[in-house]
Amino acid sequence: MRKIVIVCLLTLLAFSSCYRLPDLHLYDVDNPGLAFPIVEVNLDTYWDYDITLGMDYNWRSEWFYGWDEEDRRIFGELEYEDPNNFHVRRYYTGEVPFGPRLHKRIAYIMGRSFRAPYDWGFWDILVWNDVNTLDGVQSIRFDEKSSFDEDIMAYTNSTMYRTRYHAPRYENSFYEPEQLFSVCEKGIEINKNLDGFVFEEESNMWIKRLKMYLEPITYIYLPQIILHNNRGRITLVPGSANLSGMARSTSLNTGITGDDAIAVNFKMRLKNDKEFKNGERVDIVGGRLMTFGMCGQNANRVTRAEDGKDTKRHYLDVQMQFMNGMDSTFVFDVTNQVRERYKGGVITVELDMDTVPMPKRPGGSGFDAVVKDVEDGGTHIFDM
């Protein structure tokens, strides 16, 4: 009796040509297997893209904020973390490759291996990671339509904070999405002639190997505000920050983001007396931000910054408190940096505090974004 196994090599997007996959665990014809060897997605390689004029992007050389234990407690790890548990959707299309999906099989995998039966014919397979959070509260929600042919969409939820810039459909900002990876392969053939299979004598099995690479569909940004000549003027970052013009949703099937622009809410922290260029000592407001990316594109498929289809403006607004207890909201146009770093990276703005008047009354929270006299707190808008 012939034994047949289908082995899907499912791994996170890899960047090292010398990485050797671990041995696979194979199963018999009734339980063909999915194997889940995990490869680290490292920011040094994931952000290895040319931004302008063919210059390599060395993000570490421009990231002055750093990352300590307090940052890990507040924000989590700086880089992507390897997921261990996965959701699987297997769609059967009968004898028609890429055809209408006739039925769906659902699985949740704890660990990195999976086995299940397949009928003869063609299959589409979708996999995404289970969501993990520091506090157990999940911001992403998934919209899985009743029709098998419709994409599964991931959305992020609204916060209680008013949004200020470039999100005309929504009054409030939105939470950061959690780390999300996905892969979808279509037209996988399982035929009785064993086309595409090889016989392995030692296990007495016919084997079909499929390579599927999980890619990030959420993107890490590292915003930092360099405060020159602060001399204790800004003492605290009491509120949250926002990055506007980002996508509200993404497709698990294609990785293409939705067209709705939102402001993504996140936390920042002030660090004093950090070393900057040429040995200058500065104060830095920094943090880590996860987003679905810009609207209407899959950032993993963009090869140059100018290829992106996004035309929206992106504003970074941060509430800061002065030494006299008064607060103001600082707003920076970071559109060019976001577009250049279309799948994440460092966003840097520099601010000479000698040019910023000290507010005499509070005004940095709970108001609509209009230009106000800085004597009343309000909003400082800076063209970058």
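**Notes on the predicted model**

1. Let's start with the aromatics: Trp63, Tyr65, Trp67 and Phe75 are linked into a cluster by ring pairs. The rings that count are those of Phe, Tyr and Trp (its six-membered ring), and they pair if their centres lie within 6.5 Å; planes under 30 degrees apart are stacked, over 60 edge-to-face, and the rest tilted. By this rule the count is 11 aromatic pairs.

2. Some ground rules before going on. This is a predicted model, where local features need pLDDT of at least 70 and side-chain atom pairs count only at pLDDT 80 or more, while totals for chains, interfaces and linings use all residues. Residues are numbered from 1 along each chain as its sequence is written, and side-chain values use heavy atoms, with hydrogens and water left out.

3. On confidence: pLDDT is the predictor's confidence in each residue, from 0 to 100. The protein chain averages 80, and 75% of the residues score at least 70. Residues 14-33 stay under 50, and the model gives them 49 contacts (heavy atoms within 4.5 Å) beyond four places in sequence. Residues 364-377 are also below 50, with 39 contacts in the model beyond near neighbours in sequence.

4. Now the overall picture. The protein chain has 4 helices and 25 strands; these are DSSP runs numbered from the N terminus, H or I of at least four residues for helices and E of at least two for strands. Of its 384 residues, 53% count as buried, where buried means under 20% relative accessible area, exposed over 50% and partly exposed in between (1.4 Å probe, protein chains only). Among contacts between residues at least 6 apart in sequence, 72% join residues at least 24 apart.

5. Which strands does E14 pair with in the parallel and antiparallel sense? Strands pair if DSSP finds at least two bridges between them. E14 (residues 219-228) runs parallel to E24, with 8 bridges, and leucine 227 has leucine 351 in E24 as its bridge partner. E14 and E20 run antiparallel, joined by 4 bridges; here glutamine 224 is partnered by glycine 286 in E20.

6. Both of those partners sit well inside. In E24 (residues 345-352), 6 of the 8 residues are buried, so the strand is largely enclosed by the rest of the structure. For E20 (residues 281-286) the figure is 5 of 6, so that strand is largely enclosed too.

7. E20 has another neighbour to look at. E19 (residues 269-275) pairs with E20 in the antiparallel sense over 5 bridges, and lysine 274 stands opposite valine 282 in E20. The hairpin of E19 and E20 has 5 residues between the strands, and there asparagine 278 takes a positive phi near 55°.

8. Back to the rings. A pair of aromatic rings is described by the distance of the centres and the angle of the planes. Tyrosine 170 and phenylalanine 174 have ring centres 5.0 Å apart and planes at 80°, so they are edge-to-face. Phenylalanine 322 and phenylalanine 330 have centres 6.1 Å apart and planes at 25°, so that pair is stacked. Tyrosine 170 is buried at 15% relative accessibility, and phenylalanine 174 is buried at 4%. Phenylalanine 322 and phenylalanine 330 are buried as well.

9. Threonine 159, in strand E9 (residues 158-162), is buried with a relative accessible area of 5%. A polar atom of the threonine 159 side chain lies 3.1 Å from the backbone nitrogen of tyrosine 161. Leaving out residues up to four places away in sequence, threonine 159 touches Asn172, Ser173, Phe174, Tyr175 and Asn265.

10. How many disulfides does the structure hold? The count is 0, taking a disulfide as a pair of cysteine sulfur atoms within 2.5 Å. As for individual cysteines, cysteine 184 counts as buried at 19% relative accessibility, and cysteine 295 is buried with a relative accessible area of 4%.

Conventions
Polar contact = N/O pair within 3.5 Å; in protein donor to acceptor, adjacent residues only side chain to side chain.
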